[in-house]
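Hello,

Here is the structure I promised to send over. Have a look at it first, and my notes follow below.

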Amino acid sequence: MKHIYGYTIEALKEYLLSIQEKPFRANQIIEWVYRHKIQSFDEITNMKKEFLQILKKDFILDTFDLIQQQNSSDGTIKFLFQLQDGNLIETVLMKHIYGYSVCVTTEVGCNMGCAFCASGLKKKIRNLETYEMVLQILMVEHLTKLKITHVVVMGIGEPFDNYENVVQFLHIINYPLGLEIGARHITVSTCGLVDKIYAYSDFDLQVNLAISLHAPTNELRNQIMPINKAYPLEELIKAIRYYINKTNRRVTIEYILLRDFNDTKACANQLADLLHGLNVYVNLIPYNEVKEKPYQRSSLEAMHAFYDQLKKRSLNVTLRREQGSDIDAACGQLRSKHLK
């Protein structure tokens, strides 16, 4: 059996040709699946019953089991889903003035081992399949009755460590007759897999790129992000510069502020030096503390001082608005707690 949510329009047309069916049916199927959100192929009214029987035989309309839901006072909702093989993943809905976004998980667990992150508390078991990423959006829309307008691929796992499935996922959610989420409303975040940044520079959709940087020097970054030993900052910055020159698109630099570690004025100046001349903007992120990790959130004073210093150095910078701080907000936290 095939998973319908894992099929791009091109793959669906190939399937139709393989069963001697007209390729134009692909768009009809996409519309029924994503616009009408059918729960069964029997709900389709403009196709012959014989053809629907073939679809029912060949394809699954998957679903997840909802294990737990946490609702924040600010409108953020965290969902703990159980996959068909029993593994657990998290998906987060966030409310903004411009609409609703979903933070999508790409792996069961994570092997990147970032020292401050709850995602890595449980090692990677496997990559998510494309359909399991698409289903996260569909499940959130089904449970909340809301229309998702933006997607951030920043949940559990390193997206570029599951590159092919993620790229297929992006094509599916962007397709005009399907979920129709605009490419510029989608952001993929990586901790710095340099080879995949080069590959992503040739991607045919104008999807945004974010880099989880979190330290301005190799000395500091090596302490909290093992990926830096494989791809040090010199190589990462070179790849970012290549991406910007190739795509003419701005890159988001994510920087979690950790008390007395990377939140000093000296760090701000080092970060400004590192990013000098690049078309980037820095997103400063208040840390959601994880009890299994030794790091603490920077003081409000330190965060604003860091922000002010970057502004003085002529960097585009924002201080992210906190969301979900009254629930298990850190990525991977709810899953880890449930597994315990």
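Before the notes, one convention: axes are lines fitted to C-alpha atoms, for helices over the stretch in contact, and angles run from 0 to 180 degrees between N-to-C directions. Please also keep in mind that this is a predicted model.

With that convention, α9 lies across β11 (208–212), β12 and β13, running at about 145 degrees to β12. Those strands belong to an open sheet of 10 strands with mixed pairing, in the order β3-β4-β5-β6-β9-β10-β11-β12-β13-β14. At its edges are β3 (65–71) and β14 (316–319), each of which pairs on one side only. On average, neighbouring strands of the sheet are turned by 20 degrees against each other, direction ignored. Another helix, α5, packs on the sheet and touches β9 (150–153) and β10 (186–190); the direction of α5 makes about 175 degrees with that of β9. Towards β14, the pairing with β13 is parallel and has four bridges, and leucine 284 stands opposite leucine 319 in β14.

Next, two helices. In α10 (residues 265–275), the buried residues are Cys267, Ala268, Leu271, Ala272, Leu274 and Leu275. Viewed down the axis of α10, these fall within an arc of 160 degrees, so they line one face of the helix. They pack against α7 (218–224), α9 (233–247), β12 (251–257), β13 (280–286) and α11 (300–312). After α10 comes glycine 277, with a positive phi near 85 degrees.

Helix α2 (residues 25–35) is largely enclosed by the rest of the structure, because eight of its 11 residues are buried. Among them are Arg25, Gln28, Trp32 and Tyr34. The buried residues of α2 are in contact with α1 (9–18), α3 (49–58), α4 (130–144) and α5 (163–174). Lysine 37, which follows α2, has a positive phi near 50 degrees.

Finally, the aromatic rings. The count comes to 12 aromatic pairs. One of them is the stacked pair of tyrosine 200 and tyrosine 243, 6.0 Å centre to centre with 15 degrees between the planes. This pair links distant parts of the chain, with tyrosine 200 in α6 (residues 194–200) and tyrosine 243 in α9, 43 residues apart. Tyrosine 200 is buried, at a relative accessible area of 3%, and tyrosine 243 is buried too, at 1%. Ring pairs also join Phe160, Tyr163, Tyr200, Phe203 and Tyr243 into a cluster. Elsewhere, the charged end of lysine 2 sits over the ring of phenylalanine 59, 5.8 Å from its centre.

Best wishes

Note on methods
Residues are numbered from 1 along each chain as its sequence is written. This is a predicted model: local features need pLDDT of at least 70, side-chain atom pairs count only at pLDDT 80 or more; totals for chains, interfaces and linings use all residues. Side-chain values use heavy atoms; hydrogens and water are left out. Buried means under 20% relative accessible area, exposed over 50%, partly exposed in between (1.4 Å probe, protein chains only). The arc is that of the directions from the helix axis to the C-beta atoms. Contact means heavy atoms within 4.5 Å. Rings of Phe, Tyr and Trp (its six-membered ring) pair if their centres lie within 6.5 Å; planes under 30 degrees apart count as stacked, over 60 as edge-to-face and the rest as tilted. A charge sits over a ring if NZ of Lys or CZ of Arg is within 6 Å of the ring centre and within 35 degrees of the ring normal. Two strands pair if DSSP finds at least two bridges between them.
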